[in-house]
Amino acid sequence: MTDLSNYRNIGIFAHVDAGKTTTTERILKLTGKIHKTGEVHDGEATTDFMEQEQERGITIQSAATSCEWDSHRLNIIDTPGHVDFTIEVYRSLKVLDGGVGVFCGSGGVEPQSETNWRYANESEVARIIFVNKLDRMGADFYRVVDQVENVLGARTIAMTLPIGTEDDFVGVVDLLEEKAYIWDDSGNPEAYKVEDIPADMVEIAAEWREKLVETALEQDDEAMEKYFDGEIPDIPTLKKCIRKGTIALDFFPTFCGSAFKNKGVQNVLNGVVDYLPDPTEVKPQPEMDLEGNETGNFAIVDPAKPMRALAFKIMDDRFGALTFLRVYSGTLNKGDTVVNTYTGKNERIGRIVEMHADDRVELESATAGDIVAVLGMKNVQTGHTLADAKNPATLEPMVFPDPVISIAVSPKDKGGSEKMGVALGKMIAEDPSFRVETDEDSGETILMGMGELHLDIKIDILNRTHGVEVEVGKPQVAYRETITQETEDTYTHKKQSGGSGQFGRIDYIITPGEPGTGFEFESKVTGGNVPREYWPAVEKGFKNSMEEGVLAGYPCLDFKVTLMDGAFHAVDSSAMAFEIAAKAAYRQTIPKAGPQLIEPVMHVDVFTPEDHVGDVIGDLNRRRGMIKDQQAGPTGVRIKGDVPLSEMFGYIGDLRTMTSGRGQFSMEFSHYMPCPKTVAEVVIKEAQERNKS
């Protein structure tokens, strides 16, 4: 039986360009998994194996690989940093036990670092921190540690300190062992010497070691008392305390180095083994019954328990569909029949493989704690649970955000329609934040995603991977509608023309809700004027009508319907009659309730060199932006604000022009806000013209 205490399931996550993929490459080289390191800027990184990743030098989809270090097995997922692909980070974090947060030594805590850190907090993933790129201009380990504490609200415990800065960065001081690790300039990660701490760093190292000891000993009262009595704790005691505090999320061990220059990566690997939890030390996943109610049972990490596995990623490659699974309990064998608790259908396990980026190793079985891929699953999607067919239970499903941007596409040649349909089907299965709809009026195919880059990559994949050339329309914003006034009204549905009739009267109040509350329904009917069995039909009628607003046909959000009274007919009333009454009541009353068009507003985070701050802020103001914050850093200024999505199309080109190519930005959906009258009029007019045509 596998010793699970030697397993570490970890993810590497960070902002774009902080060096995640380079760090992963160095880890694979050090652990002997690869013999030549590939560089991201050359398009040769092991985990960036999509053409689009190699060309753009960014990670788009998370890649899984595994390796060995110090007789421990590490399952590693290298995740994307770009904001349009955060869904990849979210679902990877859901199935991991620990993480390595990589921060750029000069960029510090960047926008995407904050989002990823928030996801990791929500998933309660223990993490260590690696402050990378300390060989770069403007790199400052101490400043980044300060930012992690202040911006992320995360308590750090420094494990190493840098020796030298920028070009003079040569190694690290290990505070636990009180030794210096110094690398030569050969770029060989093994070419280092262990020496005494340099004389000019003895004082600062002593100060930081004292902080380390005091922070660690908070986890052990007995050791703390001894320390106050003058007894210095030994290294095993400190390691035990640091491990305990890391798993409890009380603090985050922080390492430093330069992955590109091969300095400091061993210390990070030791940190993964020493401080991150094995699968048995993580809170077990709660189990639910097939109706979605918690059973009080947990998926215990034990190969002998009933099988429970979560599908967290679907990938289509040259051999067919691969389903990535995290096995939480039990054992999964080749040839087993398991049940997909979401669809209720049985699935047969064909080939089980261990992934190394896009290479694979065949396995006969996988046990609790493993991350593997299975070939040939038919109806499994991200977030589905596979369970023992004789003893089924479901794990908590994943929740994905709604897309905020859409474009219309059509195949360039007539024969491409079917091919495009098949390709889009595969792409939807791979990426839950990507949706496809058909516009019933125009017959156009609408692609919906998280941002311009997201959809740009999807078009690229359609073209190159699936060989489908498409015409692309201009991006469309996902507007919504809501109401602003409380309105009391009544509606009677009456139809009597031979045979049985239909009758239902409802008296109701429609009230605007707080943003984000969705649709609410309440009945205050007393005395049986509308029998209780018809209340759900009234609710259903209003709820189904929300999909189409009265202004421009966009879905209507955030209102409450209170059913006050009504009337029924002993013969002619039915659930159908009351549902029809509610649908007609919606069309009658919403136009009286001050309907309003609302637009998605994005949280925008822009980095610009200091000389261009005025231009960037002026431009954001012209885009109807609200500036919330400015932070000066050593290499430039970060400007945070809220800007309507409709004003942000093509922004990256404008920003690069303004900042001589040095500006960067990221944005994510924040909230919906009322549209200004002038904007609303244009959108409504366009919608009316679309409907006419």
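Q: In this predicted model, at what angle do helix H12 and helix H13 pack, and how far apart are their axes?
A: Helix H12, residues 535-545, packs against helix H13, residues 575-589, at an angle of about 40°, and their axes are 7 Å apart.

Q: Why are H12 and H13 described as oblique to each other?
A: Angles under 35 degrees count as roughly parallel and 65 to 115 as roughly perpendicular, over 145 as roughly antiparallel, and the rest as oblique. The angle between H12 and H13 is about 40°, and the two helices are therefore oblique to each other. Their crossing is right-handed.

Q: Which residues of H12 meet which residues of H13?
A: From H12 come Ala537, Val538, Lys540, Gly541, Phe542, Asn544 and Ser545; from H13 come Ala575, Phe578, Glu579, Ala582, Lys583, Ala585 and Tyr586. By class, the residues of this contact of H12 with H13 comprise eight nonpolar, three polar and three charged.

Q: Turning to sheets, what holds the strands of a sheet together in general, and what is the strand order in the sheet that contains S31?
A: In general, backbone hydrogen bonds pair the strands of a sheet, in either a parallel or an antiparallel manner. Here, four strands form an open sheet in the order S31-S32-S34-S33, and the pairing is mixed.

Q: Which strands stand at the edges of that sheet?
A: They are strand S31 (487-495) and strand S33 (519-523). Each has a single partner strand, so one side of each is left without a neighbour in the sheet. On average, neighbouring strands of this sheet are turned by 25° against each other, direction ignored.

Q: In which sense do S31 and S32 pair, and over how many bridges?
A: S31 pairs with strand S32, residues 502-512, in the antiparallel sense over nine bridges. As a particular case, Lys495 has Gln502 in S32 as its bridge partner.

Q: How do helix H6 and helix H8 cross, and what is the handedness of the crossing?
A: The axes of H6 (residues 202-217) and H8 (residues 235-247) come within 8 Å and cross at roughly 60°. These two helices are therefore oblique to each other. The crossing of H6 and H8 is left-handed.

Q: Which residues make the contact of H6 with H8?
A: H6 contributes Arg209, Leu212, Val213, Ala216 and Leu217, while H8 contributes Ile235, Leu238, Cys241 and Ile242. Divided by class, the residues of the contact of H6 with H8 are eight nonpolar, no polar and one charged.

Q: Which residues does Gln219 touch, not counting residues up to four places away in sequence?
A: Gln219 touches Cys241, Lys244, Gly245, Asp250 and Phe251.

Q: Which partners does S9 have, and which residues stand opposite one another?
A: S9 runs antiparallel to strand S8 (residues 171-174), with four bridges joining them. S9 also runs antiparallel to strand S10 (residues 192-195), again with four bridges. Tyr181 in S9 stands opposite Val172 and opposite Val194 in S10. The bridge partner of Ile182 in S10 is Lys193.

Q: Why is S9 described as largely enclosed by the rest of the structure?
A: Four of the five residues of S9 (residues 179-183) are buried, so the strand is largely enclosed by the rest of the structure.

Methods. Residues numbered from 1 in each chain as written. Predicted model: local features only at pLDDT ≥ 70, side-chain atom pairs only at ≥ 80, totals over all residues. Heavy atoms only, no water. Axes fitted to C-alpha atoms, helices over the stretch in contact; angles between N-to-C directions. Left-handed = near helix turned anticlockwise from the far one by under 90°. Contact = heavy atoms within 4.5 Å. Nonpolar A, V, L, I, M, F, W, Y, C, P; charged D, E, K, R; others polar. Pairing = 2+ DSSP bridges. Buried < 20%, exposed > 50% of the residue type's maximum accessible area, 1.4 Å probe, protein only.
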